[in-house]
Amino acid sequence: MKRKPILLLWLLLIVVVLSGCWNSKELSHLAIVSAIGVDKLPDTAHYRISFQVVNPSEISSDVQGGGGKTTAITVFADNGKTLFEVIRKASRKAPRELLFSHVKVLVIGEPLAREGITELFDTFERLNQTRLTTKVLVARNATAETVLGVVTPMEEIPADAMAGKLQFSASLWSENVEYTIDDIIRALVSMGKEPVISGVVIQGEPERGATQANVRRTTPDATIMMRGLAMFKEGKMQRWLDGVEARGTVRLLDKVKSSAVELECAEEKNVLSIELTRSKTSKKVSIHNGRPKLEVSIIQEGNLVEMKCAIDLTRMHELMKLEKKWSQQTVKDVTAAIQAARKQQVDIFGFGESLNRSNNKEWKRVVKDWDALFAQSEIQVKADSFIRNTGNRIKSYMQQQP
Amino acid sequence: MRFTTEESSLQGELPAIMEQLKLKLGNSPDLIMRHIRIASSPVVIAAVIYFEGLIDRQLVNDLVLCSSLSASSGDASPQDASAQERAYGLLFNHVSARGEASVVRTLDGVLEAVLSGCTVLIVDGIGEAISCSTKGGESRGIEEPTTQVVIRGPKDSFNESLSTNIALIRRRIKNPDLWLEKLKLGDKTRTDVAIMYMKHTVDDGLVEEVKRRLQRANLSVVLETGAIEEMIQDQTATFFPTIYNTERPDVIAANLLEGCVAILVDGTPFGLLAPTVFAQFFQSPDDYYYRFDVGIFLRILRYTCYLISLLLPSVYIAAITFHQDMVPTTLLISIASAREGIPFPAFIEAMLMELSFEVLREAGVRMPRAMGQAVSIVGALVLGQAAVQAGIVSTAMVIVVSITGIASFSTPAYNVAIAARLIRLFIMVLAATLGFYGILLGCIVLLAHMCSLQSFGVPYMAPFAPFRLIDQKDTILRMPRWPFIKRDRKIYEEQAAEPWLQQQKRSGSSDPAKGE
Amino acid sequence: MNTPKISAGQLFALIILFVFGTAIAVNYGLDAKKDAWIAILLGTFSGCLLFMLFSYLYRQYPDLTLTCYTQRIMGKYVGWLLGMIFVLYFIYDAARDVRDAGELLNTSVYDATPIFVLNAVMLLAIAYVLDKGLYVLARLSEIFIVIIAASGIVGSILVFASRIIDLNNLLPVLEYGWKPILTTTYPSTFIFPFGEMLCFSMLFPLLKNPELQLKTGLLAIVLSGLALSYTIAIDIAVLGADISSRSIFALLTMVSKVNIADFLQRLDPIALFTMLIVDFFKIAMLYYAAVIGTADLFQVKPSRKLVVPVGCVILITSMSITGSFNEHLLEGKLSISNFQLMVVVGIPLLLAAVHLIRKYIGKGQSVDP
């Protein structure tokens, strides 16, 4: 009687020990997948899925660990109807079991994106290894497989390089958005919002990017670069948004963290640069006579950091003139973005959602033909700009001393 | 050898008694018997008996001198008594004036007195003997503590002499409430054991219980407090010590003042304290001597280290074999690259390293001090470098094992640290079979086990579970001294009160029906 | 009674851990989509009323467990039968929670490990604790409540710090009106977890301070209800109503989004084990209630003899209860609105009614049958 607890404890241990180690996986039997690429095989229902797998011994910081014998990553690719099928099929090529819990980036080939991505993410939600925080990109003018194969300098794992480029271009340049799988799913599900996904291109010669030689050069033959935003409608990609349109879109999504803005100087052809430091976009939607009215107001702050002309910044009204000009330009950007979206009848900015939040009943009435209504909506964009300082100097050296 | 129960008296001729004594002690040459004349007309002979080495030579010589002089001094006994009786009376007066003396009436009494360092005077023809305390002989001086080192605080520690140890405590608490009781334990060793407590602070039931358990213990050999600890603890089937031991008089004094009972044993520099709670093993005396903020920091550090020493290898195993997704990518890749080419699974690798570390540690402890260093150098080279370079173990594992090892040294109490070392191996097995789930269940069971323990009726995990806010100020935290002012209460009196009854019942009859 | 009694603080900790139990993992409240948090608040409120009913019954028989006073109120045979229903309910509910834990582990990490093993190991650990006595469980709860509270606070800070909360996901409030909220609350968030607190009626006689029982209980229910509602609101704010209502374990998905400086991320195993700890206590409470109930009904003494047999029954029930997790969840919803509702609300109401009637009829003569 008294010894029973101990007995139970032993029983517990025995059960555990005998139970073996079903889920135990030795690291030396695992291949860490850092990125997944999905392409569509033309004219079939098959996907071609590629896995970027890390070669740990190449990345070792250990001095005697060697390295330099192979590339830091290897890409395995196979075809199949579902993602999971290919994951298992890949075991024919990969010497180890693929581990998906560290996938940083999911790259979608452009042809596939145009055909539709709606059904792509289901398995990412279901499997326990894959994560919703994986970043999503669309390979522009290239297959995802080639994008995954490009060896990158500085970051040995290209997936890290891509994630880094996406992160910093989104926060410093603001032409991209850093969207993860769950963001895309939310936008796909929502009636009042459609997804946008950042694009990735290979600059240079893709074939040469896949060899170690690529990083042995000071100017790599092939470089991965973030460019543009892919605009989706009902899961199908419509067109690329670039430059002004892309910036306007990021503004409207209120994802701008910082950016550089160029303004023209007063009369000359010269320009000046403003570092955007803070931007806040608020959207308001109302329905007048069955027609939506979209009101966008932006408050932005920035510093003047470069000037190629001699404006006398000591005079207040010069600065105010610049602020005004900046506001005008922002309004132009944003309007361009809305125009582009209206043309395709896609509400990528979530105006529908804000209508739902502010006027739930009205939204329910218009939800069915929101896309059409959005296309003929009335737009009102307003921007307030503040240039908070002008860097370390007030007067420019180009300004003639009187 | 058992002392016979039948009383063999001291009646009879002196030489016969002496002969009997010699026989009983197997003619031990260190038994010294000196004959002195204590009266001249008529001649009365007395024997002085003692063990060489157990006595203070100076005292014995004094005694002998004064005994032989006693005859010449005045008359104390009634005239009608015989010469022997008169001499005996004079002798007794003299001797008791010089130091403690008592009367022994049996041969066994004589033996016991002699064996515990007394000098016995037997006067021919009297059925009694006088035993004088002449304890002495060689003993170690009071030195610095070796197992519980502090940076700031008293530097004295117990030695092997019971009376010295008691004095060390008495010197710290000059209070009539400090009571002392002495027992002799061990059928064979007849070791002196002292129980000390603060009369009006301690729970009376606790003292009774300690005494009852000591008497019930039925020990035959008491050479160290370990034997007593094992016999009087509440539970045997546990890795955790439920009685605190220390060689520092200041620790004992502090705990006595809080209502503990101290048990000191002759012949060992370690004293026991009961009841004990788990938190006590993480208290180092210098926590109280530093500023309180430092004290708190160090306490938290120690608990953290204990957790590390208990769990780190298991967490490492679980993380890299079950939960690779938890490890940050960069770290995972570097661990993976370090493990490339390692022939063993992570669990075997960890066990290998843990065991070799344990071997190294044990060897380091047992080696003569001069060779200990050689062991650690060889160990560091073999384990740290050669094994890694040969690709037998990974660098990550070496780091994990060494952190674990270092962390386990930071627990102030060795016996609790050793518990963690044992339990660690079990949890590693659980981690290797079920990952974090195994560790979690292991920890729950371990905590449940600790919660079910008690030390003399006080729950072992008090004051965490059962929780008592007022006692939190001296557990993980060491609050500043001003709230300590009202500190003369009995420790954990409320909890002690209830399981207390249970304790007595349990030891009295059958075990309680738990869970009712 | 010679084992240590349960203090008010321990009762408080036990109730909070119990309410969190599986509720924090498997959230039925999400049927109300965005407004799940309101449904849980409503459930909490009704849970308080239900707890008052249990307390009322307890105060009529302060020394008896549920199964005992059922026999007092309803007579020997009917009472015994009702007591048996209670015990079966406890076993069933414990088995469900064991299964929940097993499935949680199985879908999140241990996909290759048989659920039977996961369940068996869990039940063995609980059996060990119960074998030591309820007081050990109570003390354990005092330690773990701190751990749970700490991980809740740290978790919240991490979620806030990684700036993934978008309160817009919670708007508009009451998008679909009150109807979905009410249908979710009654019975789902009401019975689960507040109705299940019926099992606490089995330990009330062990309380050290019976006069604090109601106050402690209500405080614990309100606090845990608020915390549950807060958790689910955060889930929705991070994931959106759609993803969180589709995910089986919304909290897990939510925590997996935490990312601070690319280092503190992938914390879902920690969340997973937090859920397991609270589930542990819930199973343990139900298990305990089942053991004591069985001992009462079949006059087994000491009751700890039954720990292992009842554990085996729970284990087998947990395995045979359903074939798949979907079926398990569906069955949960069904049983909540039928069987469970009847047991935890219907029978106690009946007991209270019969007790009152007896009291009025029996005025003048002795109350005890």
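Mentor: Two strands are said to pair if DSSP finds at least two bridges between them. Helices (H or I, at least four residues) and strands (E, at least two) are themselves DSSP runs, numbered from the N terminus. The model before us is predicted: local features need pLDDT of at least 70, side-chain atom pairs count only at pLDDT 80 or more, and totals for chains, interfaces and linings use all residues. Residues are numbered from 1 along each chain as its sequence is written, chains are lettered from A and ligands numbered from 1 in the order in which they are written, and side-chain values use heavy atoms, with hydrogens and water left out.

Trainee: Which strand is joined to S1(A) by three bridges, and in which sense do the two run?

Mentor: The general idea comes before the case. Strands of a sheet pair through backbone hydrogen bonds, either parallel or antiparallel. Here S1(A) is joined by three bridges to strand S4 (residues 97-99) of chain A, and the two run parallel; A:Leu30 stands opposite A:Glu97 of S4(A). Strand S5 (residues 105-109) of chain A also runs parallel to S1(A), with four bridges, and A:Gly37 has A:Val107 as its bridge partner there.

Trainee: How many bridges link S1(A) with strand S2 of chain A?

Mentor: Seven bridges link S1(A) with S2(A) (residues 47-54), and this pairing is antiparallel. A:Lys40 stands opposite A:Tyr47 in S2(A). Six residues lie between the strands of this hairpin, in which A:Asp43 takes a positive phi near 65°.

Trainee: Is A:Lys40 buried or exposed?

Mentor: A residue is called buried under 20% relative accessible area, exposed over 50%, and partly exposed in between, with a 1.4 Å probe and protein chains only. A:Lys40, a residue of strand S1 of chain A, has a relative accessible area of 18% and is therefore buried. Contact means heavy atoms within 4.5 Å; leaving aside residues up to four places away in sequence, A:Lys40 touches A:Ala45, A:His46, A:Tyr47, A:Leu112 and A:Glu115. As for the strand, 11 of the 11 residues of S1(A) (residues 30-40) are buried, so S1(A) is largely enclosed by the rest of the structure.

Trainee: Where is A:Arg393 placed?

Mentor: A:Arg393 belongs to the segment after strand S13 (378-389) of chain A. A:Arg393 is exposed, because its relative accessible area is 60%. Its C-alpha atom is separated by 9.7 Å from that of A:Leu313, which is 80 residues apart from A:Arg393 along the chain.

Trainee: Which domains does the assignment give for chain A?

Mentor: Domain bounds come from an automatic or database domain assignment. For chain A, the assignment gives domain 1 (28-241) and domain 2 (243-389). Their C-alpha centres are separated by 31 Å, and the contact takes 24 residues from domain 1 of chain A and 28 residues from domain 2 of chain A.

Trainee: In what order do the strands of the open sheet in chain B stand?

Mentor: The five strands of this open sheet in chain B follow the order S6-S7-S9-S10-S8, with antiparallel pairing. The edge strands, each pairing on one side only, are S6 (178-185) and S8 (244-246) of chain B. Axes are lines fitted to C-alpha atoms, for helices over the stretch in contact, and angles run from 0 to 180 degrees between N-to-C directions. Neighbouring strands of this sheet are turned by 25° against each other on average, direction ignored. Helix H6 (residues 204-216) of chain B packs on the sheet and touches S6, S7, S9 (261-265) and S10 (271-274) of chain B; its direction makes about 15° with that of S6(B). Eight bridges join S6(B) to the antiparallel strand S7 (residues 191-198) of chain B, with B:Leu183 opposite B:Val193 in S7(B).
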